[in-house]
Amino acid sequence: MKRPAPEAKRRIRILGGTVQVIRPWRRVAGIRIVGRLDSAGPGFLRLERFRARNLYRDDGDSEPYRFEVLHRRGVDAVAIVPFYLDRRTRRFMVICKVGFRPGLYLRHRLPLAARDRRKYTSVIEAVAGSLEPGDRGEAGITARAAAELFEETGLQPIAGGSRDLGAGFFPSHGQSTEKVHLRACRVDPRRAIDPPGDGSVNESDAGTIAIEGRRLIAMCRAGLIEDPKLEIGVTRLLFLLSRRNQRGD
């Protein structure tokens, strides 16, 4: 039996906003590169390069051109917006992950167009995960969302608390075939247990926090949170809930 996680009572300031800690995360100071792997080796991502011509409806075609496209193993992903109403403050809260993304940490080595002063030793992001090849249909996506929610946060959806956030979106349609599907569900943070994780270092080190919904959107617009999954998902959920309140549902 997993050890119950502490109740979400600790409040701290992070990146300019007050958040509620549900599960603390391990702080990262930096990384040391210990080796390089073959870019064509096995992994979750696959890169294809092509030469192609566009075929037009008037029977013409274009000059040959080159393009590249990146595929995930399960092609698409799912992002989850877990939410609850804080009993003490009566505020609408959204649960997010906090963790380390080594790729973002290495941005400082690149020739950036504008100076980026952040060190990216921690990132606030949505609870999310890649679909597996066997995840099929809306039911399969929903099941994967529940599995990722439990794996990353130790939480389970409350029955009858799901919300329809509409169609998915392409986060980088110029380079990737990945579509992100959205799911929202009501949770009870007091029932959180230690999440099992996926066995990876950075998921084991990650923590979970709760941020008031409108504050979260303000943090996105200020650049304090830079995950489009969170901004799109929470914006849609706030709009949906405001319409329900106006109707008196």
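Reader: Does Asp188 count as buried or exposed?

Author: This is a predicted model, and the values below are computed from it. Asp188 forms a salt bridge with Arg191, in which the closest N and O atoms are 3.5 Å apart. Arg191 is exposed, with a relative accessible area of 64%. Asp188 has 13% relative accessibility, and since the cut-off for this class is under 20%, Asp188 counts as buried.

Reader: With which residue does Arg72 form a salt bridge?

Author: Arg72 lies in strand β4 (residues 65–72), and its partner is in the loop between β9 (162–163) and β10, 106 residues apart, so the pair links distant parts of the chain. The closest N and O atoms are 2.7 Å apart, and the partner is Glu178.

Reader: What separates Glu148 and Arg144 along helix α2?

Author: The side chains of Glu148 and Arg144 meet in a salt bridge of 4.0 Å, N to O. Both Glu148 and Arg144 are buried. Because they are four residues apart in helix α2 (residues 137–153), the separation is about one helical turn.

Reader: How many disulfides does a search of the whole structure find?

Author: A disulfide is a covalent bond between the sulfur atoms of two cysteines. The cysteine sulfur closest to that of Cys96 is in Cys220, at 8.3 Å. A pair has to be within 2.5 Å to count, so this distance is too far for a bond. The search of the whole structure finds zero.

Reader: What is the relative accessible area of Cys220?

Author: The sulfur of Cys220 has that of Cys96 as its closest cysteine sulfur, 8.3 Å away. Cys96 counts as buried, at 0% relative accessibility. Cys220 is also buried, with a relative accessible area of 8%.

Reader: Which element gives the most residues to the largest nonpolar core?

Author: The largest nonpolar core has 30 residues, and those with the most contacts inside it are Ile124, Ile209, Ile211 and Leu216. At least two residues of this core come from each of β2 (17–23), β5 (77–85), β6 (92–99), β10 (180–186), β11 (207–212), α4 (213–221) and α5 (228–247). With five residues, the element that gives the most to this core is α5.

Reader: Which residues are in contact with Leu216, leaving aside neighbours within four places in sequence?

Author: Leu216 is among the residues with the most contacts inside the largest nonpolar core. Once neighbours within four places in sequence are left aside, Leu216 is in contact with Val94, Cys96, Ile211, Ile225, Leu230 and Val234.

Reader: How many residues has the second, separate core?

Author: Apart from the largest nonpolar core of 30 residues, there is a second, separate one. The second core includes Ile22, Ile80, Leu131 and Leu149, and the number of its residues is 16.

Reader: Is Lys97 buried or exposed?

Author: Lys97 is found in strand β6. Residues up to four places away in sequence not counted, Lys97 touches Val123, Ile124, Glu125, Ala126, Val127, Glu152, Glu203, Ala206 and Gly207. With a relative accessible area of 8%, Lys97 is buried.

Reader: What is the area of the nonpolar surface patch made by Phe50, Tyr65 and Phe67?

Author: Phe50 has its place in strand β3 (residues 45–52). Phe50 is partly exposed, with a relative accessible area of 32%. Together, Phe50, Tyr65 and Phe67 make a nonpolar surface patch of about 240 Å².

Reader: Among contacts between residues at least 6 apart in sequence, what percentage join residues at least 24 apart?

Author: The chain has five helices and eleven strands, and its C-alpha trace spans about 65 × 50 × 40 Å along the principal axes. Of its 249 residues, 39% count as buried. Among contacts between residues at least 6 apart in sequence, the percentage that join residues at least 24 apart is 69%.

Notes
Residues numbered from 1 in each chain as written. Predicted model: local features only at pLDDT ≥ 70, side-chain atom pairs only at ≥ 80, totals over all residues. Heavy atoms only, no water. Buried < 20%, exposed > 50% of the residue type's maximum accessible area, 1.4 Å probe, protein only. Core = buried A, V, L, I, M, F, W, Y, C linked by side-chain atoms within 4.5 Å. Contact = heavy atoms within 4.5 Å. Patch = residues over 30% accessible without salt bridge, like charges linked within 9 Å, V, L, I, M, F, W, Y side chains within 5 Å. Areas by Shrake-Rupley, 256 points an atom, 1.4 Å probe, with all protein chains shown as cover.
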